[in-house]
Every structure is written in C-alpha cells, then in structure tokens.
Amino acid sequence: MTLTLGSFGSFAAAAPSTAMKVWLYVDKNEAFVNGSSTILTSPASVYNGKMYVPVKFLGDTFGFPVVYDPVTNTIAMTAGKTEVWIDLTLRTTLVDGLPGTFAPTFAISPDGKLMAQLTWMMDRIGAKYEYDAVLNRVEVVYAPFSAELPSGDGSKPIAKFTFGKPSYKMGEKVQYIDLSYDVEGDGIQYVSWKNREEAFFKPGDHQVSLQVTDSKGNVSDWFTKTITIENDTMYSPAEFQMHHAKTQSFVKMNSTELNQYIRSAAPLSMAVIRDDSRKLLVSDSPENITEYGVLYRDAVEGKARLYANHINMMDADVQFAIIATNHGRNPVAIKTERQGEVYPSVFVNLIGYQASVDFLVGDVNKPELTVQPGESKAYVYLPKLKKGQGINLVYDVETNNDVTFTFAAMLPNDPMEAALTYPELAYNGHVRGTFPVSEVRMETDASRVNGAAKFTIGDDAEDVFVEGYDVFRRQIVENKGNYGVMYHVRINNPGKAALVMLARGGVFKGALKINGEMILAPASGVITALDGVFMLHRTTGTERYIDIELTPPAGSNLPIDIVLYPLD
C-alpha cells in the first residue's frame with residue numbers, strides 16, 4: 001500500500017504548554033481532546049492482539065513532528081527523544097539511527113494511515129495511559145516537560161498526580177492520573193503511594209500521597225493531594241468489587257456480605273441434556289494404592305473417556321499403566337482425541353488442576369495405537385510413583401472394535417502379561433465404575449432473571465450424580481462429584497453482569513473456559529469459601545450468551561456455585 005500526501009501532509013502543530021487528556025475509543029472514529037469531541041479517519045484498533053494508535057493524530061495533538069515525503073514514500077518523526085525514519089515501500093525503519101523492522105511496532109490501517117503500537121508510542125513521548133475495558137477506551141495523559149519543569153534541585157524526579165475530578169461518591173471508582181516525571185529524562189523506576197484506594201467508603205476529605213524513584217535511585221519529595229468524598233453512596237464495598245475487581249482475582253466478602261449478595265442467589269432454571277455418546281471409565285478406588293493389583297477393567301467399543309486418579313501409599317515404588325487388550329479377531333485402532341495427563345507429583349490439588357487445564361486446552365500428543373488380535377499393549381505407561389506421589393489422567397479415545405482397558409498398579413519391571421493376572425483390588429470408597437454419561441449440557445435464559453442467580457456443580461441435588469455400573473462389584477454405583485464429566489453451560493441473554501465462583505465444598509483449584517478463553521481458578525493457591533468469591537468473568541451487556549466449559553478437578557472439593565450477578 002502506498003500512502004498519499006493527504007495521509008500525512010506537513011507538520012505545523014505547536015507543542016502544548018499544559019497537560020492534555022485524550023480519549024481514544026477502540027474501532028470508533030470519535031475521540032476527545034481535553035473533553036472536546038473530534039473525528040478521526042483512523043481510530044485506535046487492535047491488530048494481532050496488540051493495541052495500535054494513529055500516529056499523525058497524536059503528533060498534531062501533542063506537538064511532535066510527523067512528516068511524509070511522497071517522493072521517497074518515507075515518514076520522519078520525532079517521538080520524545082527518539083528519531084524515527086520509516087521506509088513504507090521496504091517496510092523498514094531506523095530508530096535513532098539503528099535499523100529495525102516495521103512490524104510489530106508499526107502497522108498500516110485499512111485506510112492507509114500509519115499506526116504505532118500503544119505501549120511503544122506512549123513510552124517514547126512520555127505519556128501516561130490507562131485502558132478502560134468496560135468502555136473499550138484508551139485514556140492518554142500527556143504533560144510536556146516544558147509545562148512541568150520546576151525550579152530547584154534538577155537531580156530529583158518530580159512526583160505529581162491528579163484525580164479525574166475533585167470529588168467522588170462513596171464507592172465510586174477513583175481515577176488517578178500519574179503526572180510524575182524525571183527532569184533528567186532517566187525515567188521513573190518505582191512509585192510509592194500512601195492512602196491510595198480504588199474507592200473510599202467514608203465521606204469527607206482524604207489525603208493521598210505519592211513518592212517516586214528514578215532509574216538512578218534519586219527519590220522525589222512526597223506530593224500530597226486531597227480528594228473529597230461526598231455523603232452519597234454509589235456502591236457498597238462488596239458491590240464495588242463486583243463492578244471493578246480484576247477478573248481471575250479474589251473478591252473478599254465477610255459472611256454477612258456472602259449471605260446478602262451470593263448465597264441468596266436464586267437457582268437458574270436449566271435445561272439439562274446428559275450426553276451418552278461417550279461412556280466414562282473411572283478408576284479412583286482404591287484411590288490410595290496399598291498393594292499391587294488391578295484397579296479397574298472394562299471393555300470399550302467406539303467413544304470412551306478414561307479417567308484415573310490414584311496416590312501411591314506403599315513404601316515401595318508403583319508402576320501405573322493402562323493396558324489395552326484385544327480379545328477379538330480383528331485389529332483394533334485406538335485414537336486419542338483429547339487428553340489431560342499429569343505425571344507423578346506429591347501435590348494433590350496441583351495434579352487435578354493441571355490435568356483439567358490440559359484437558360480443556362485439548363492438545364493431543366499420543367499417536368494412534370493398533371492392537372492386534374490376542375495382543376496387549378500399554379496405552380499409558382507412566383514413570384514410577386514414589387511413596388506419596390499421585391497421578392491424574394483423562395483421555396478421550398475412539399476405537400474401531402472392542403478392546404479391554406486394564407488400569408493396573410504394577411510391580412516395577414513386571415511384564416504387562418503378569419499385570420493382567422494381578423488380583424482385582426477391593427473398593428474402599430471414592431468412585432469406580434463405568435458410566436454412560438461423560439458430557440452434560442446445560443442451557444438457560446437469564447433475560448427474565450431478577451437479581452443474582454446461580455447454577456451448581458456437584459451437589460447431587462441441582463446437579464444429580466451420574467449413575468453407572470462397577471464391573472468388579474457387579475452393582476450400580478454413583479459418580480459422586482461427577483469427576484471425569486465435562487460440563488458445557490450456555491447462559492443466554494446474560495445482560496451486564498459479573499460471573500463469580502463460590503467454593504461451597506471447601507478447597508478448590510480448577511480451570512474453566514469462558515467463551516473459549518482459559519480461566520484459572522485460581523492461577524496460584526486455592527479457593528475456599530472463607531476467601532469470599534472468585535471473579536471469573538464480566539460481561540458488557542452486549543453479549544448474546546456466555547459459554548462455559550469445566551470439569552471437576554481431582555483433589556478439589558465440591559459443590560461449587562457459579563453466580564451471575566447483575567451490574568445494571
């Protein structure tokens with residue numbers, strides 16, 4: 001693409017003498033400069049997951065030169081102290097005389113305008129910025145050094161900030177605009193605040209202070225500014241967090257708040273479909289291995305899910321394997337369609353969490369396995385389990401003929417043939433058996449929901465445990481907790497809402513996919529009901545639905561409540 005003279009023109013803007021605030025809306029042509037509306041030909045946009053902003057508009061607004069040469073099809077600009085030259089034909093750059101590549105720092109908009117990556121541009125011109133995810137807006141504050149340089153000791157950085165407005169309601173989010181700078185251009189390395197709160201919940205005047213340190217270790221004086229909090233409430237502390245807490249973070253609530261905002265949520269009316277197209281084999285009893293033997297065994301033809309969760313409690317090593325045996329007359333091909341595989345570890349919560357993460361990701365690295373008639377092959381053969389180590393495994397397989405899977409706790413170095421003759425180990429609690437259902441699909445319409453609403457996983461009331469059959473004991477059994485089951489939940493018309501999790505059963509560490517995005521709950525540590533709730537996701541009010549995928553992680557306690565909390 002060749003840019004025209006009209007794309008840039010000559011540079012005539014003067015540098016501003018005071019701080020300026022610019023709002024850029026993503027993929028919207030309207031922008032605001034110090035509160036005044038202006039129309040852009042090229043708005044801020046996201047390309048390949050990165051935010052880009054219009055270079056010429058920022059140059060004209062903030063007073064740095066952006067000059068286009070139509071003869072050479074090049075652009076020259078000075079961004080802060082950085083000299084940039086761009087060859088648009090060759091897509092090459094010189095930055096302070098050093099050669100570089102055009103992308104990903106720069107991009108060309110669909111209408112032929114030069115765009116620069118947001119972080120790169122703001123760092124070069126020394127502007128501060130914040131992204132408002134709710135409004136999908138980039139808020140830029142630019143304070144040129146000429147407007148801010150004080151008299152006095154030039155070696156100290158200058159701490160300075162302002163509020164978005166002079167007064168706020170109780171529970172209203174405070175906007176802090178950091179205007180700090182280093183007079184020698186070394187850059188601010190550290191900031192230290194006193195009494196900075198996202199919101200205040202007591203009326204009156206409150207003092208907030210800031211101190212900064214530059215890259216050479218020079219420390220500024222404290223800068224203090226007073227904010228006035230009106231005797232009027234926007235949100236309570238709990239409501240504020242529901243609106244503003246970061247996703248994938250804890251929302252602290254005391255028991256009174258939990259009862260008021262979360263536990264009082266009404267159950268969502270769910271249409272439930274239990275998919276029996278893939279049977280589920282669960283080997284979780286005995287969960288604690290105290291002797292060598294066969295943990296579980298059953299035959300499969302077609303689609304199946306293999307689930308194993310065990311801990312070695314012997315003083316000796318254990319070799320865990322899943323052995324495929326072909327008792328038929330034709331070869332059997334075993335194709336792995338999905339897997340969650342965690343090798344031996346002593347961290348019980350971690351292995352269940354990591355297996356559920358891997359299974360949700362859906363990557364497969366197991367080649368197709370062919371088992372000849374009368375042959376047995378290891379489908380899974382893990383490293384030895386030391387005492388106290390556990391494993392959690394989930395595999396979706398499809399076979400073209402009947403094949404028997406044996407879950408075995410083997411004596412290391414024993415041949416597979418020997419393992420097939422091991423005794424069947426006695427049931428001692430937990431879950432073992434073959435279940436017809438491995439997928440549960442739920443759907444609801446939240447358009448008529450009044451107030452907070454929830455659905456529950458793993459309580460055997462709203463979410464009934466799947467029944468199956470234990471081949472060893474020859475009896476009907478329950479999958480208590482529905483471990484190994486994948487849930488697919490769709491909430492239609494969610495409105496503007498927060499989606500939070502309450503770990504009702506105790507310690508929980510798992511993962512979910514929400515609209516295809518992986519959510520770690522939590523990324524580190526565990527969740528308990530004592531922590532309050534965990535912020536999973538927040539909608540803007542424009543979504544037609546929310547899709548949720550999850551599977552109960554081994555080592556975690558159920559039930560859990562997932563609550564849709566309205567933000568309108």
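**A charge over a ring, and onwards**

Modeller: This is a predicted model. In it, the charged end of Arg-137 lies over the ring of Trp-23, at 3.6 Å from the ring's centre.

Colleague: Over which ring does the charged end of Arg-473 sit?

Modeller: Arg-473 has its charged end over the ring of Tyr-427, 3.5 Å from the centre.

Colleague: Let us turn to the sheet. In what order do the six strands of the open sheet come?

Modeller: The order is E23-E45-E42-E47-E38-E24, with mixed pairing. Strands E23 (249-251) and E24 (266-267) are the edges, each pairing on one side only.

Colleague: How many bridges join E38 to E47?

Modeller: Five bridges join strand E38 (residues 453-457) to strand E47 (residues 560-566), and the two run antiparallel.

Colleague: Which strands does helix H5 touch?

Modeller: Helix H5 (residues 237-244) packs on the sheet and touches E23, E42, E45 and E47. The direction of H5 makes about 40° with that of E45. Helix H6 (residues 255-263) lies across E38, E42, E45 and E47, and runs at about 125° to E42.

Colleague: Now the aromatic residues. How many aromatic pairs are there?

Modeller: The structure holds 17 aromatic pairs. One of them joins Phe-201 and Phe-240.

Colleague: Why is the pair of Phe-201 and Phe-240 called edge-to-face?

Modeller: The planes of the two rings stand at 80°, so the pair is edge-to-face, with the centres 6.1 Å apart; the cut-off for that class is over 60 degrees. Phe-201 is in the loop between strands E20 and E21, while Phe-240 is in helix H5, 39 residues apart.

Colleague: Is Phe-240 buried or exposed?

Modeller: Phe-240 is buried, because its relative accessible area is 5% and the limit for buried is under 20%. Phe-201, at 33%, is partly exposed.

Colleague: What about Phe-250 and Phe-534?

Modeller: Phe-250 and Phe-534 also form an edge-to-face pair, 5.4 Å centre to centre with 75° between the planes. Phe-250 belongs to strand E23 and Phe-534 to strand E45, 284 residues apart. Phe-534 is buried at 1% relative accessibility, whereas Phe-250 is partly exposed at 32%.

Note on methods:
Residues are numbered from 1 along each chain as its sequence is written. This is a predicted model: local features need pLDDT of at least 70, side-chain atom pairs count only at pLDDT 80 or more; totals for chains, interfaces and linings use all residues. Side-chain values use heavy atoms; hydrogens and water are left out. Two strands pair if DSSP finds at least two bridges between them. Helices (H or I, at least four residues) and strands (E, at least two) are DSSP runs, numbered from the N terminus. Contact means heavy atoms within 4.5 Å. Axes are lines fitted to C-alpha atoms, for helices over the stretch in contact, and angles run from 0 to 180 degrees between N-to-C directions. Rings of Phe, Tyr and Trp (its six-membered ring) pair if their centres lie within 6.5 Å; planes under 30 degrees apart count as stacked, over 60 as edge-to-face and the rest as tilted. Buried means under 20% relative accessible area, exposed over 50%, partly exposed in between (1.4 Å probe, protein chains only). A charge sits over a ring if NZ of Lys or CZ of Arg is within 6 Å of the ring centre and within 35 degrees of the ring normal.
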